[in-house]
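The sequence and the structure come first.

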Amino acid sequence: MNCKECNNKGHTLEADYQHEVMMRVQCLDCLAHENMKQELSLRLTKVLIDTSQARMAKLLSDTLIGLIDQEDSPDYERVFALVAAKNKESLISLLQVMA
Ligand SMILES: [Zn+2]
């Protein structure tokens, strides 16, 4: 999302004339957007909660590969290495970082 209020900075600068300084004010549009995403994520989780592990594993794998493929120079070797080492935690971390 591109925020028209703060240009994705998460805050705006507003003049405090009493103290003659510029104040950082949290962007309410961004805050509302983050809250909406969290609420949607919770609802989505409840709907998906009883999906089979195999199906979720396939979905996450495809999602991770799709995210890696969007990189300018995708590092597939790294993912192959993590998979070969069965380094589940690093793979999950990678997904968290990229998502
Ligand atoms: Zn904003």
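Helix α3 itself spans residues 76-84 and is hardly covered, with a count of 0 buried residues among its 9. A residue is buried here if 20 or more other C-beta atoms lie within 10 Å of its own, exposed if 12 or fewer do, and partly exposed in between, with C-beta atoms placed from the backbone. By that criterion, 0% of the 99 residues of the protein count as buried.

## Basis of the model

The model is predicted; local features need pLDDT of at least 70 and side-chain atom pairs count only at pLDDT 80 or more, while totals for chains, interfaces and linings use all residues. Residues are numbered from 1 along each chain as its sequence is written.

## Elements and overall form

The protein contains 4 helices and 2 strands, in the order β-β-α-α-α-α from the N terminus. The radius of gyration is 20 Å, well over the 13 Å that the globule rule gives for 99 residues, so the protein is more spread out than a compact globule. That radius is taken over C-alpha atoms, and the rule is 2.2 Å times the number of residues to the power 0.38. Helices (H or I, at least four residues) and strands (E, at least two) are DSSP runs, numbered from the N terminus.

Along the principal axes, the C-alpha atoms fill a box of roughly 60 × 35 × 20 Å.

## Domains and contacts

Domain 1 covers 1-50 and domain 2 covers 51-99; these bounds come from an automatic or database domain assignment. The C-alpha centres of domain 1 and domain 2 are 28 Å apart.

Of the contacts between residues at least 6 apart in sequence, 31% join residues at least 24 apart. Contact means that the C-beta atoms of two residues, placed from the backbone, lie within 7 Å.
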